[in-house]
Amino acid sequence: MKSSEFFTIHDLIASNYTITKLAAGNYLHQFTPATTATIYQFEANAPEVIVEGERYNIGYTVNAAGKNIIDPSLLSKTSQVNPMFSFVAAQHLANGAYTAEKAKNDQRVTHSATDDYYWGKSTLGECLAQYSLRKHSFSI
């Protein structure tokens, strides 16, 4: 599956962890987040994969029956992820996609900037402008 077909949840605390042995020799692992009753499940060869109470990042799909199926390759403990390594990896991926993103921007945005490149309508700029307006409208 493509990564765009997966939903992701970051920093989920695993609770209500159950393991059921299947006829094929695999194990069905099920758990819920500490804050909701949503059930996530996956099949694995190992009898224990999740540590209850630990924080996890998960990638999952929803099957035809409405069950949330985790891809075991997209299951990681939050404590094992190095934030700086993730940041550097994201920067590297973004640099690789720069040319394609610039081409898409040029197709959909008309700009006449001469001093810098215009990346289209800035959501951040709008948020800052709205914040500034709200801030000044409440001040006396």
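**Salt bridges and strand pairing**

Let me begin with Lys104, which at 45% relative accessibility counts as partly exposed. For that term, buried means under 20% relative accessible area, exposed means over 50%, and partly exposed is in between, using a 1.4 Å probe and protein chains only.

Before going further, some ground rules. This is a predicted model, where local features need pLDDT of at least 70, side-chain atom pairs count only at pLDDT 80 or more, and totals for chains, interfaces and linings use all residues. Residues are numbered from 1 along each chain as its sequence is written, and side-chain values use heavy atoms, with hydrogens and water left out.

Back to Lys104. Which residue forms a salt bridge with Lys104? The partner is Glu101, and the closest N and O atoms are 3.1 Å apart. A salt bridge here is a side-chain nitrogen of Lys or Arg within 4 Å of a carboxyl oxygen of Asp or Glu. Glu101 is partly exposed, at 39% relative accessible area. Both residues sit in helix H1, residues 83–108, three residues apart, or about one turn of the helix. Helices (H or I, at least four residues) and strands (E, at least two) are DSSP runs, numbered from the N terminus.

How many salt bridges does the rule give? The count is two. Asp11 and Arg55 form a salt bridge, again with a stated closest N to O distance of 3.1 Å. This pair links distant parts of the chain, with Asp11 in strand E1 and Arg55 in strand E4, residues 55–62, 44 residues apart. Asp11 is partly exposed at 36% relative accessible area, and Arg55 is partly exposed at 40%.

Now the strands. Two strands pair if DSSP finds at least two bridges between them. E1, residues 7–21, pairs with E2 in the antiparallel sense over six bridges. Thr20 stands opposite Leu28 in E2. The two strands form a hairpin with five residues between them, and Gly25 in the turn has a positive phi of about 95 degrees.

On to E2 and E3. Strand E3, residues 40–44, pairs with E2 in the antiparallel sense over five bridges. Phe31 stands opposite Tyr40 in E3. E2 and E3 also form a hairpin, with six residues between them.

Last point: is strand E2 largely enclosed or largely exposed? Six of its seven residues, 27–33, are buried, so E2 is largely enclosed by the rest of the structure.
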